[in-house]
Amino acid sequence: MTDIAKVGTFKMGSRTVKRFGYGAMQLAGPGVFGPPRDRDAALAVLREAVESGVDHIDTSDVYGPHVTNQIIREALHPYPRDLVIATKVGAKRGPQGSWEPAFADEDITSSVHDNLRNLGVEALDVVNLRILFDAQGAAEGSIEAPLSALMKLQREGKVRHIGLSNVTAKQVEEGRAMTEIVCVQNLYNLAHRQDDALIDSLAAAGIAYVPFFPLGGFSPLQSSTLSDVARRLGATPMQVALAWLLRRSPNILLIPGTSSVEHLRENLAAADLDLPDNAMKALDRI
């Protein structure tokens, strides 16, 4: 079995987690909406992840909605003491599965309480405020109002740590001026590297960076260079893409998602992959 501890750890607030975690988005149904096709398989993936040493799970109660958190609770509750569950607020789902912003105080409060109830906890380890000013990605705009609502819930003891998701560098600066931000979760992978400067500045500040869609998300990464490097190293392209992220910066925490135990094991095996300098140089040019 792969020892994911070899890739090191990083702090998220008062907690320290291994740099290889698991993202639970794919445990819901198609389009992250409704129940999974195979609930037993979803339960098995979560249990396998924790048994393999994963101590950081990323989720949200809008996955399903409610479905993914209920599956996490069924699979893992009572939770291991070292397990950190990070969730998200700031969005809601429409009747047909659309993703809609939910920034009002009552929306943030309701979402936190939904997460608490469905995960079966009294306080949430980490809550990322997901910003949806633009459906296409991060966009400028003040985050003061929704962040203030989340900070109120933190003062009430329902939230331990706060992070930000889908944000610009300016919004990270605004958030850090208001409260401690323990992590930033943005789109980043070999082919989407707009956050290079932000990653480096967060690393200098000791703040975790958690790339979502590390393997391309709904459009998997495809590159002849990536395939060539993988072939030379006897690995899969996706393992190489994950290994590149781990070497990119020590503050990067991985949360690749899957609904398959076999694929989970394949992802975790990226921890065994040591990318030589020439491979890194080739991948950096993608």
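The chain carries 29 positive and 34 negative side chains, and the centres of the two sets lie 2 Å apart. In this count, Lys and Arg are positive and Asp and Glu negative, while His and the chain ends are left out; each charge is placed at NZ of Lys, CZ of Arg, CG of Asp or CD of Glu. The model is a predicted one, in which local features need pLDDT of at least 70 and side-chain atom pairs count only at pLDDT 80 or more, whereas totals for chains, interfaces and linings use all residues. Residues are numbered from 1 along each chain as its sequence is written, and side-chain values use heavy atoms, with hydrogens and water left out.

On to the overall fold. The chain has 10 helices and 11 strands, where helices (H or I, at least four residues) and strands (E, at least two) are DSSP runs numbered from the N terminus. For 286 residues, a compact globule would have a radius of gyration near 19 Å, and the value of 18 Å for the chain agrees with this; the radius is taken over C-alpha atoms, and the globule rule is 2.2 Å times the number of residues to the power 0.38. Along the principal axes, the C-alpha atoms fill a box of roughly 55 × 40 × 35 Å. The accessible surface comes to about 12,500 Å², with 49% of it belonging to carbon and sulfur atoms; areas come from the Shrake-Rupley method with a 1.4 Å probe, and for residues only the protein chains shown count as cover. Of the 286 residues, 55% count as buried, a class that means under 20% relative accessible area, with exposed over 50% and partly exposed in between (1.4 Å probe, protein chains only). Among contacts with a separation of 6 or more, 74% come from residues 24 or more positions apart, a contact being heavy atoms within 4.5 Å.

As a handy reminder, an α-helix has 3.6 residues a turn, so residues three or four places apart point the same way.

H161 is buried, with a relative accessible area of 10%. Beyond its neighbours within four places in sequence, H161 is in contact with M12, G13, S14, L124, D125, V126, V127, Q154 and V182. The C-alpha atoms of D200 and N251 are separated by 8.7 Å, although the two residues are 51 apart along the chain.

The loop between β11 (208–212) and α7 (224–233) contains L215 as well as F213. L215 counts as buried at 12% relative accessibility, whereas F213 is partly exposed at 27%. With neighbours within four places left aside, the contacts of L215 are P220, L221, M238, A241, L242 and N267. L215 and I4 are 211 residues apart along the chain, and their C-alpha atoms are separated by 18 Å. F213 has a phi near 55°, a positive value in a residue other than glycine.

The peptide bond from G64 to P65 is cis, with omega near -10°. P65 is partly exposed, with a relative accessible area of 30%, and its contacts outside four places in sequence are F33 and R93. From P65 to G29, 36 residues away in sequence, the C-alpha to C-alpha distance is 9.8 Å. The loop between β4 and α2 also holds H66, which has a positive phi of about 75° although it is not a glycine; H66 is partly exposed, at 27% relative accessible area. A cis peptide bond is likewise found from H77 to P78, with omega near 0°, and P78 lies in the loop between α2 and β5 (84–89).
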